[in-house]
Amino acid sequence: MDSATKDEMQPSLPPGSSCPGPEWPEQEKAEQLARGAALKWASGIFYRPEQLARLGQYRSREVQRTSSLEARIKSVVQSYLEGVKTGVWQLAQAFEAVQGTREALGQARGLLQGMAEATQTLQPLREQVAQHKQLQVLSQLLPRLRAVPAAVAHTQTLIGAQRLLEAYVCLRELEQLQEETWAPLGGLELPVFEGLGPLAEALGQAVEAAAGVAGQLAREDPALLVAAVRVAEVDAGHTTSLELPPRDWRRRCLQALQEGLERTHFGTPLLLEPGALAGWLEALRVALPAELAIAEALVAPCCPPHYQVVRLWAHTLHSGLRRCLQQLLEGPALGAADAFTLLRWTLHVYLGPEMMGSLELGPEADVSQLEPLLTPENIEQLEATFVTQIQVNVAQWLQKALDGEVAEWNREQEPGTDSSGFYHSPMPAIVLQILEENIRVTSMVSESLQRRVHIMALSELGTFLRSFSDALIRFSRDHIRGEVMAPHYVPYLLATLNYQSALSSSVSVLQPGGAASGALAPVEAALDELQRRICRLVLEALLAELQVRTFLQPRLCLTRPHPAPVRSSALASVVVEPRAAGQCMRADGKLLPGFQASTESCDPGALKGKAGKWGSAHRKGVLDPLRSLQLLLAEAERTVVLQYLRALMQGRLVCRGAEERTQAAERLQHDAAQLRELFLGLGLEESYQCAPVLLALRDLLNLRDPMLLGLEVAGLRQKFPDVSEDHVSALLDLRGDVSREQRLAALSSLQAGPQPSPSAGRRALFSLVPVPTPALSSCLPSGPCA
């Protein structure tokens, strides 16, 4: 379609007029889209010239379509206009109806105002009618109202005579009469009924009083108990129209039952004298099961099933007892005996078969739901109280035992002996009995208390051992100084060694079944140390009696080995003989410049005259346990080796060549073999011996290559962890061929090498051997002359 055709189809506007703008922007946009779509359609239809021949057909078709659309639009508009006309007519009809309704409402309002004024004029007549009705009711009930005071007095008499059911019937009749007058009188309270409130309260108190002594009534007058319970139950189902607070006699009855039970058994404050708690608990052990038996046999048949009398009794007694015990624990601290008794009673007796765990109670008691009598805090408090007080007692008992033992050390007679002839004292048995008995008794209460007492017992035993050791040191010091001369010093030392060994062998009885296996380790270590100390004191006394003297000279000379065989009763001694410097002889009789060492055994016959007391003690069997013998021999052998090491360290001996080092190493090996043979013959186990240190020193002296000294020193440190740099330096001085660089390398290996394991370390040796202080250098280590 061309532009001329489109102009003809559009309506023309009169001159001077302009096309009105669209009413909405969307309308203009829609027209533009429609025109664009029409143009697109037309351009697609008439794109080719041969299609222009059918332009007339298209025009007539569009004219017909346009006419059809205009007809449909006119039909729709006509239908819309008819609907609008109908709506306008209906609105007019509704407006007329509203006007009529308004006029009718106005007339009704006027009528209502007139009726209200007429009603006000009838109010006095209405009041007179109400008064007439009340007078009519009062006239009908007047005979009954006149009898109310007498009925109240009669009911009060019945309550006083404990005829509770009859009293309740009379009370209900009076309350029924009150209800009958209350509604007709419009809630008016008549003065004649003022006594019903106190009367009902008096009856309620009578019910509570009967319930409070239910156990006694069940035995003496069960009918009264039944009457009280029935009154409470009947009143619980009663409803009234009166505006009165509920009486709730059932709750009051149950509460009275509980309070009566608690008042009977726990009503008075618990003020017990020390030690009286056990009697009170024993009385409860008898009284509470008897009370439960009465409840099950006599009280329960008098009460409804839903009261659950046995359960009520059990829980009430439990609550009262729990509250009483809490008050007791809040008061002054209990003694050890009372704390122990209370713990055992609450944890075992109370829940045991004699009381709450009795099979006679049955499931009705429901004791599984009971709270513990004592809280964890209470148990902790009681256990701490018991342990603290029993610790004081144990400490006093042990101190008395120690004082008695120390007092016997200065007696004029020897210590007592047992059936085998060994020196004996009852103190170990007393100490162990005191501690073991306290541990054993606490096993009757709980594992926690037993564990606490076990720890306390071990602590007190350790304190006792320290006190014993201090007393022994004072005893030995006073004897050596001559302040207090003990007539039988050595026998009492040997007696202490015997019963300390007895303690060591019997201390395991303090170990309860559930305790840790290492709990006794500190005590056993303390006992071992004390035994070693006693052994050292015995050796010192023995050496003093044998008058063995040590002379420290620049040259170390130990005597030759004795040709006689070493017997079990022989005693070895190390003697450093005073010789002229450098005049020591070799084993072959030639001079050995700088070093000579040998060992001598003392003949038992020669010892008899010098050590009569020791021989007497030995014949009486001083060393009862084998462990004591081993300790004594070990300390003796250790003393010999320490003397040997002191002589080596302080002798300042220097080997002048490889031959002298070889001879010194051979002598060390020879002396070590002699010591080993001697003490093995005396019965000392090889694992206890310290003589192998001489073999280690032999290896250090016999080393051919000084460059390997670092490895040898590291091996020495592994075997004897307490060796120091000063000891190693003194040992290197013995060789005589160690340069400064080799010495520094060997000493550095002590720190650079692996640290020795604790299990590999022997007993302390080098740490007990002093080393001479080296001479001061003439210059600083960093100076030019260093």
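A salt bridge here is a side-chain nitrogen of Lys or Arg within 4 Å of a carboxyl oxygen of Asp or Glu. By this rule, the predicted model has 24 salt bridges. Side chains of opposite charge can pair when their charged atoms come close.

One of these pairs joins R285 and E282, whose closest N and O atoms are 2.6 Å apart. The two residues lie three positions apart in helix α10 (residues 277-299), so about one helical turn separates them. R285 is partly exposed at 23% relative accessibility, and E282 is also partly exposed, at 38%.

E166 and R163 form another salt bridge, with 2.4 Å between the closest N and O atoms. E166 has a relative accessible area of 38% and is partly exposed; R163, at 41%, is partly exposed as well. In the bridge between E529 and R536, the corresponding distance is 3.4 Å. Here E529 is partly exposed at 38% and R536 is partly exposed at 28%. Salt bridges also link R172, E175, D235 and R247 in a network.

The chain as a whole contains 25 helices and two strands. Of its 786 residues, 38% are buried. Among contacts with a separation of 6 or more, 78% involve residues 24 or more positions apart.

S425 sits in the loop between α13 (376-408) and α14 (427-442). Its relative accessible area is 7%, under the 20% limit, so S425 counts as buried. Beyond neighbours within four places in sequence, S425 contacts E405 and Y499. With E405 there is a polar contact between the two side chains, at 2.8 Å.

Methods: Residues numbered from 1 in each chain as written. Predicted model: local features only at pLDDT ≥ 70, side-chain atom pairs only at ≥ 80, totals over all residues. Heavy atoms only, no water. Helix = DSSP H or I, 4+ residues; strand = E, 2+ residues; numbered from the N terminus. Buried < 20%, exposed > 50% of the residue type's maximum accessible area, 1.4 Å probe, protein only. Polar contact = N/O pair within 3.5 Å; in protein donor to acceptor, adjacent residues only side chain to side chain. Contact = heavy atoms within 4.5 Å.
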